[in-house]
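This report describes one protein model, starting with its strands. Please look at the sequence and the structure before reading on.

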Amino acid sequence: MPKKKQQAQMENADIASQQADETAATLADDVQETEKDVSVDEFVERMDLNVICRGDNETLHFSTFNISRPGLQLAGYYKHFAAERVQIMGEMEMTYLQQMTHDARKTACETLMKQPIPCLIVTSTLPPCDELISAGQKYNRIVLTSKLRTTPFVNKLSLYLSELLAPSKTIHGVLMDLYGIGVLLIGESGIGKSETALSLIERGHRLVADDAVTISRIGERLSGTCPEVIRYFMEVRGIGIIDIKAMYGASAVRLEKTIDMVIKLEAWDDKTRYTRLGAPDESYTILGVKKPLHVVPVKPGRNLAVILEAAARTHRLNDLGFSAMDELNDRLRGNKN
């Protein structure tokens, strides 16, 4: 193979490799990890816990929203033990430990604490036994207690972990609260998303996020918020950066909103057939969840704020079981009869 041709192929391979790395980096930034580190103090305060021992641990690493109760492990069965889960001990586990001999209890506690668990939380009205505390200190584990009984605490912790570890991504768009409906505005840069949002704020609606919307999936619900660094700020071309909260007050903004529908703004195209009679069959998928999508063409003379208000009101009526298209069809059938 000629030397120049071989060199060209190597350069092309380098370019392709660089592009692949850039694409991978973009995707990595777009979809965030579902594992989180939380400071021990923050977790203790949020869950209303007491610290029994924590060693030199400053943070907790959570990698799953599943929770375990290590009853079988206290009996010595570790074949299918999920050490990555938060471990909960209730009255049943503590009573089981108390009926053991000292040596058996010490062995059971040390064997459990050898495992790389995030933390152990005791929810029983019975205090943790001395052997459990000693084993936690010996193996530098975090041991906490809760005033709640096991079932309500597990429910509270499950909700916390589900929200904390929810898969999320950040997209370019604007999120508004219109009549209690979470409306996500998308479209090409410069199409008028921020200007439309500003008009809606003037009409009494609330801004959640402008330019960047961080969306988390919690079950089948999509929750949107704004990255903290740009929260409450909006960019208006020709004016610059404005602070919505400072200009319009706290009632004009909110931290978070469930996304109910998506509206895509696009430049008017005479060759495109837009929906005129009813709800579109199109949907917009975010993190595997589909939301109804309306494509709204933009051209001079169209009042987008009023159109978006009408879209939000229509969505609410549809949720209540009313469809204007069905009502019109019924009237037409009645006239024919």
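## Terms and basis

Two strands pair if DSSP finds at least two bridges between them. Helices (H or I, at least four residues) and strands (E, at least two) are DSSP runs, numbered from the N terminus.

The model is predicted: local features need pLDDT of at least 70, side-chain atom pairs count only at pLDDT 80 or more, and totals for chains, interfaces and linings use all residues. Residues are numbered from 1 along each chain as its sequence is written, and side-chain values use heavy atoms, with hydrogens and water left out.

## The sheet

An open sheet of mixed pairing is formed by 8 strands, in the order E14-E11-E10-E8-E9-E15-E17-E16. Strand E14 (256-258) and strand E16 (283-286) are its edge strands, each pairing on one side only.

E15 and strand E17 (residues 289-298) pair in the parallel sense over 6 bridges, and Glu266 stands opposite Pro297 in E17. E9 and E15 also pair in the parallel sense, over 5 bridges; here Val183 stands opposite Met261 in E15. Strand E11 (residues 221-225), by contrast, runs antiparallel to E14, joined by 3 bridges, and Thr225 stands opposite Glu256 in E14.

## A partly exposed residue

Phe322 lies in the loop between helix H10 (304-319) and helix H11 (324-336). Its relative accessible area is 38%, and Phe322 is therefore partly exposed: buried means under 20%, exposed over 50%, and partly exposed in between (1.4 Å probe, protein chains only).
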